[in-house]
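This report describes selected features of one structure. The sequence and the coordinates are displayed first.

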Amino acid sequence: PASQTRDKDALTEEGVAKVIAELRTKFDWILCDSPAGIERGATLAMRHADAAIIVTNPEVSSVRDSDRIIGLLDAKTAKAERGEAVDKHLLITRYHPARAARGEMLSIEDVLEILSVPLIGIIPESEEVLRASNIGSPVTLSNALSAPARAYFDAARRLKGEDVRMHVPSESRGIFNKLFVRKAA
């Protein structure tokens with residue numbers, strides 16, 4: 001990701017193209033993280049993409065932004081201008097099954113129907129992600145056995161072409177919650 005303190009106008013399309021061309025000679029994979037939303041940083045990051053991972057939350061505003069990004073990938077990339085398609089994958093983050101069941105967020109099926117992009121992974125809502133962020137470490141390093149870390153690892157394996165079963169997070173209930181069913185907050 002680019003610096004959040006520098007002037008984003010310092011990046012040019014030609015400069016980004018030059019850096020990516022140089023990196024392509026040295027690496028098999030180049031991942032360009034882009035800011036959320038539709039702005040110059042996002043369009044520069046996607047301009048020379050061969051593939052894209054569209055990351056969205058199961059909330060209407062996030063899915064709407066993701067739909068616009070998909071449209072830009074199909075129209076404003078170098079591949080699109082050559083009549084080729086950018087390979088697209090969908091990663092749904094912050095999914096909470098109980099909230100989806102109550103209609104407080106979109107279901108996985110709703111997101112897939114709206115975006116029509118192959119699903120590469122579902123990352124469950126978890127305090128582990130917040131904890132990892134607060135210590136400045138990816139959840140895959142700070143707690144590699146946590147549900148979100150395992151979901152990220154599985155998504156990466158799918159991106160590499162491995163056949164990994166998709167796990168849809170479900171509401172987990174411990175023995176105490178099974179015995180004394182509480183209304184969800």
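## The loop at Lys 76

Lys 76 lies in the loop that joins helix H3 to helix H4 (78–81); helices (H or I, at least four residues) and strands (E, at least two) are DSSP runs, numbered from the N terminus. Leaving aside residues up to four places away in sequence, Lys 76 touches Arg 47 and Glu 81, contact being defined as heavy atoms within 4.5 Å. Arg 47 and Lys 76 are separated by 29 residues in sequence, and their C-alpha atoms are 6.8 Å apart.

## Basis of the values

The model is predicted: local features need pLDDT of at least 70 and side-chain atom pairs count only at pLDDT 80 or more, while totals for chains, interfaces and linings use all residues. Residues are numbered from 1 along each chain as its sequence is written, and side-chain values use heavy atoms, with hydrogens and water left out.

## The sheet

Three strands build an open sheet in the order S1-S2-S3, with parallel pairing; two strands pair if DSSP finds at least two bridges between them. S1 and S3 are the edge strands, each with a single partner strand, so one side of each has no neighbour in the sheet. On average, neighbouring strands are turned by 15 degrees against each other, direction ignored. Axes are lines fitted to C-alpha atoms, for helices over the stretch in contact, and angles run from 0 to 180 degrees between N-to-C directions.

Six bridges link S1 to strand S2 (residues 87–95), and Ile 53 is opposite His 89 in S2. Four bridges link S2 to S3, where Gly 121 of S3 is the bridge partner of Leu 91. Buried means under 20% relative accessible area, with a 1.4 Å probe and protein chains only.

## Helices across the sheet

Helix H3 (residues 60–75) lies across S1 and S2 and runs at about 165 degrees to S1. Helix H6 (residues 108–115) lies across S1, S2 and S3, at about 150 degrees to S2.

## Helix H9

The expected span of a helix is 1.5 Å times one less than its number of residues. For the 13 residues of H9 (residues 147–159) this should be 18 Å, which agrees with the 18 Å between its end C-alpha atoms.

Pro 148, Ala 149, Ala 151, Ala 155 and Arg 158 of H9 are buried. The buried residues of H9 pack against S2, strand S3 (119–124), helix H7 (127–135) and helix H8 (139–142). Just after H9, Gly 161 adopts a positive phi of about 100 degrees.

Terms used
Buried < 20%, exposed > 50% of the residue type's maximum accessible area, 1.4 Å probe, protein only.
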